[in-house]
Amino acid sequence: MTAVVSTRGLVKQFGRVRAVDGIDLDVRAGDVYGFLGANGSGKTTTVRMLLGLVLPTRGEVELLGGRMPRAGRRVLPRVGALIEGPAHHRHLSGAANLALLDAAGPGGRRRDRRRRIAEALDQVGLGGVGRRPVGAYSLGMRQRLGLAGALLRRPELLVLDEPTNGLDPQGIAEVRALLLDLHRGGTTVFLSSHLLAEVEQLCTRVGVLDRGRLVLQDELARLTAPTGATVVDTPAPERVRAVLDGRVLAADGGRVVVRGPDPAEVNALLVGAGVPVRGLALQRPTLEEVVLAAAGTSADRVERP
Amino acid sequence: MIGTELRKTFGRPRTWVTIAVLNALPVLVAVLLRLTDLAPRPGEGPPFLSAVLTNGALFPLAALAIVLPLFLPIAVAVVSGDAVAGEAQAGTLRYLLARPVGRTRLLVAKLVAVMAFVLVTVVVVALVGYAVGSVLFEARPAAGTSVSGTSLTTEELAGRTLLAIGYVAVSMLGVAAFGLFFSTLTDSPLAAALGALAVLVTSSLLFTLDAASPIAPYLPTRYWLAFVDLFRDPVLWRDVVRGLALQGVYVGVLLTAAWANFTTKDVTS
């Protein structure tokens with residue numbers, strides 16, 4: 001697996017505040033990488049350092065094999081980005097905005113610009129928006145246009161900061177389907193978000209940022225792997241306790257957690273003893289539990305010293 | 001990149017509204033002069049205005065002299081202050097840089113677009129001045145009059161007018177350099193434009209103050225009106241050359257500072 005994004009000891013100091021504190025990101029080709037963190041945990045600063053907008057105080061950023069920010073001219077044309085919300089010239093139409101952005105930098109031929117713009121607009125569902133100025137767009141439409149800008153040159157890597165911001169539930173589902181589709185086509189996606197559900201549904205790997213530190217970085221499947229316990233849903237929890245004496249780890253109403261990695265075995269024991277069972281499941285930690293365990297309190301809490 | 005910046009500058013209605021407003025004042029002055037026939041006495045009021053009633057061909061110069069002290073620098077300060085800070089405020093700067101557009105390249109493109117705006121504005125003021133002058137007043141292009149009282153041939157008058165347009169454009173370039181420099185310091189186009197204007201107001205004010213006479217030769221507005229000297233016979237080059245040198249130094253230093261600041265700055269807008 002080749003590294004698409006890798007940072008080593010990345011630090012950014014703003015005055016006395018250390019926004020990013022020595023993080024080692026490792027995003028590999030083919031990942032959908034979920035970059036999680038509370039508001040103010042340093043996600044956006046990190047994303048900006050990846051793209052060469054903010055210059056690191058210490059440490060290195062390597063993007064598609066090039067040292068940033070020096071290699072920006074070579075590697076950034078292969079990267080599509082949505083950084084902290086979309087931004088456009090309000091008096092111009094969506095297509096005119098994309099044309100200006102496309103003409104501004106290298107990569108992508110001039111001849112097929114019009115076709116690429118039309119394709120990108122179709123991909124995000126703005127194909128029929130016409131010549132309306134962006135100032136008249138809704139928030140969701142602007143978000144879609146920002147996404148179209150990121151897709152314009154068929155990038156190998158998509159860096160998306162909160163891409164579903166301002167979208168309605170249908171829009172969110174559409175964007176999720178689009179990203180999964182692009183991922184199947186070979187695009188690596190780096191998704192920065194504070195929405196756990198979004199990351200849990202999309203991502204294959206997860207990094208968790210807490211107050212500028214990367215407290216967790218692993219495969220999502222491994223983080224939410226079965227814990228070796230079985231959850232039993234039963235109207236008679238006290239009888240479960242009687243049958244499986246010593247194996248009950250926790251009980252909460254009709255929900256009893258029993259040691260044992262095989263629900264079938266647990267089921268056989270309970271049914272054999274005549275205990276009614278409504279449901280059985282392997283116990284898996286949710287991403288939320290994993291993140292809360294790894295990260296401290298909310299980063300925008302400011303306690304008295 | 002330069003092409004897209006030019007398209008951006010001249011594709012927005014605001015640019016043309018600014019130029020139109022800028023031309024309204026000289027036109028108003030011309031109309032009032034025509035209606036009242038009350039020209040300022042020679043040596044008073046804006047340069048060249050006293051001579052306009054007898055020769056409309058001088059009105060382009062009068063028009064430049066009318067907008068030069070205030071209107072033109074305000075327009076240039078607003079446009080140049082908007083150059084980088086406007087993109088930062090709109091949020092489009094981060095997308096341009098991530099596109100990627102090199103920071104030096106972006107700054108050069110912005111500078112070229114501002115220069116183009118300055119040149120177009122000055123030329124339009126002169127052209128509108130010429131049109132208004134020939135329509136409203138008796139134009140005697142066959143023979144103009146120099147400020148010194150001798151006559152100038154048509155070719156001389158045309159050539160010197162072109163030189164004057166160039167000189168005013170260079171003076172405005174100094175304003176643009178201040179605007180562009182402040183524009184890289186802040187994310188607010190308003191603050192950048194006001195910063196450039198504050199410099200000019202300070203300079204104009206100190207220029208009138210005797211106590212500030214030791215620094216007077218270094219004030220950016222000191223030689224602005226030296227283009228009048230181009231119409232003396234013979235041409236009085238001293239102040240024109242000093243003016244060009246002074247603007248050259250300001251432009252060089254400020255653009256270097258703007259470059260140094262912009263290429264090493266964290267873009268957090």
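Trainee: What conventions apply here?

Mentor: Residues are numbered from 1 along each chain as its sequence is written, while chains are lettered from A and ligands numbered from 1 in the order in which they are written. The model is predicted, so local features need pLDDT of at least 70 and side-chain atom pairs count only at pLDDT 80 or more, whereas totals for chains, interfaces and linings use all residues; side-chain values use heavy atoms, leaving out hydrogens and water.

Trainee: What is a salt bridge, and how many salt bridges are counted over all chains?

Mentor: A salt bridge is a side-chain nitrogen of Lys or Arg within 4 Å of a carboxyl oxygen of Asp or Glu. By this rule, 35 salt bridges are counted over all chains. In one of them, Arg8(A) pairs with Glu60(A), and the closest N and O atoms are 2.7 Å apart. Arg8(A) belongs to strand β1 (residues 3-14) and Glu60(A) to strand β5 (residues 58-63), both of chain A, so the pair ties together parts that are 52 residues apart in sequence. Helices (H or I, at least four residues) and strands (E, at least two) are DSSP runs, numbered from the N terminus.

Trainee: How many residues apart are Arg115(A) and Glu119(A) in helix α4?

Mentor: Arg115(A) and Glu119(A) are four residues apart in helix α4 (residues 113-123) of chain A, a separation of about one helical turn. Their side chains form a salt bridge of 3.0 Å, N to O. Arg115(A) is partly exposed, at 44%, as is Glu119(A), at 29%.

Trainee: Which strands hold Arg205(A) and Glu219(A)?

Mentor: The side chains of Arg205(A) and Glu219(A) meet in a salt bridge of 3.7 Å, N to O. Arg205(A) lies in strand β10 (residues 205-210) and Glu219(A) in strand β11 (residues 213-219) of chain A, so this pair ties together parts 14 residues apart in sequence. Arg205(A) is buried at 4%, whereas Glu219(A) is partly exposed at 27%. Elsewhere, salt bridges that share partners join several residues into one network, including Arg115(A), Glu119(A) and Arg99(B).

Trainee: Which residues of chain B does UniProt list as "transmembrane region"?

Mentor: UniProt positions are given in the numbering used here, feature names are shortened, and annotations may be inferred rather than shown by experiment. The unreviewed UniProt entry lists several spans of chain B, among them residues 16-36 and 162-183. Residues 16-36 of chain B are 100% helix and 0% strand, with end C-alpha atoms 30 Å apart.

Key:
Buried < 20%, exposed > 50% of the residue type's maximum accessible area, 1.4 Å probe, protein only.
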